[in-house]
Amino acid sequence: MKKSTAQKLKEWRRFYRQNGLPDEQIDPLLNYAEVLLKKGVPVIYDLNHLCALLGLKKDYVCSVIFCSKVFYRTFEMKKRSGGTREICVPYHSLKYMQAWIYSEILSKIPINRSAHGFVRKRSILTNAKVHQGQDCLLKIDLKDFFPSITINWVTQVFKKIGYTNDVAFYLASICCLEGVLPQGAPTSPALSNIIASWMDKRLYKLCVAYNYKYSRYADDIGISGAYISESFISTVTDVIQDCGFTVNNNKTRLYGQQGNKILAGVSLANGDVRIPRNYRRSLEKDLFYIMKYGYDAHVAHNKVRKANYLQSTMGKVDYWLMIEPKNETALKAKDYLSKIYKERVINCKF
């Protein structure tokens, strides 16, 4: 049976009295604990207490807090729009610490309803459906979204939850790399949504005033309505900059009624939610030849060298079905590819 806040505080008081603390010292400690317990997050009094909760030695936790760089491996990932994105993946021990912070603390913090990225039961599909049927779509990209979020912002998140300045700094340091939010850490998506919530709130209210729809998927902002003026775009840019983020002007797009609207990889052309036309045509072409001539013949003819080409193609079909769950071509392809995959798993033939 889950204990109430009052029961937990009673246990804390008993613990302190057994350790010889007078009530005048106990009361401030319990007041601090009560704020955290009411939010469903763990009470953390100091660095020693944090180490005990993590089950790690103090020297190790301090090395992460004050020299986090050595606990990451970094690599470049190609962007769909061109260029590369730096991904910083924490090693197992640090990843465990960050996963604990996410599970025990960050997952308990409500996320603005306009945020659809990295949120349970929300996705690129729910993000796109906000704008379905609208005549105009404004797409804005936030430049260097994760790296633009500094450790000071992250520290403020933990302070607002109720943690002391020192504890907030320790938690923020575990979540940051060289003073900013790394893309690749399990805590970064939740922290980015929490920190961007003030911007989401302001932009949502602005859009309501103009009878527009608003949503954000990670660094992609979508605003739609009957008509969107250049002056409104300027106002939105000002709000974003005032909130501490930067607009990537090279990626700002304003689609009209007849435009092939694309938002976070989803097409909204003609009022329908679909996968982008060029993506669909390329995938349909591959699937046609695979199902007509056979998977091996297709791979040989196209000189495919990717070891995971079959799994990659299956993933593309799954993405197609997530956006268009009743598409007959995608359903047939999924069934065909699944049979091939099962045969190759059984026979270890890749």
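Which residues in α1 meet which residues in α2? The model examined here is a predicted one, so local features need pLDDT of at least 70 and side-chain atom pairs count only at pLDDT 80 or more, while totals for chains, interfaces and linings use all residues. Residues are numbered from 1 along each chain as its sequence is written, and side-chain values use heavy atoms, with hydrogens and water left out.

Back to that pair. Helices here are DSSP runs (H or I, at least four residues), numbered from the N terminus. Two packed helices are described by the angle between their axes and the distance between the axes. For helix α1 (residues 5-18) and helix α2 (residues 23-38), the axes come within 10 Å and cross at roughly 150°. Axes are lines fitted to C-alpha atoms over the stretch in contact, and angles run from 0 to 180 degrees between N-to-C directions. That makes α1 roughly antiparallel to α2 (angles over 145 degrees count as roughly antiparallel, under 35 as roughly parallel, 65 to 115 as roughly perpendicular and the rest as oblique). On the α1 side, Thr 5, Lys 8, Leu 9, Trp 12, Arg 13, Tyr 16 and Arg 17 do the meeting; their partners in α2 are Asp 23, Ile 26, Asp 27, Leu 29, Leu 30, Ala 33, Glu 34, Leu 37 and Lys 38. Contact means heavy atoms within 4.5 Å. This contact of α1 with α2 splits into 8 nonpolar, 1 polar and 7 charged residues. Ala, Val, Leu, Ile, Met, Phe, Trp, Tyr, Cys and Pro count as nonpolar, Asp, Glu, Lys and Arg as charged, and the others, Gly among them, as polar.

Next come α3 and α5. Helix α3 (residues 47-54) packs against helix α5 (residues 92-104) at about 100°, with the axes 11 Å apart. That makes α3 roughly perpendicular to α5. Leu 50, Leu 53 and Leu 54 of α3 touch Tyr 96, Met 97 and Trp 100 of α5. By class, this contact of α3 with α5 has 6 nonpolar, no polar and no charged residues.

The residues of the contact of α12 with α14 come to 8 nonpolar, 1 polar and 4 charged.

Key. Helix = DSSP H or I, 4+ residues; strand = E, 2+ residues; numbered from the N terminus.
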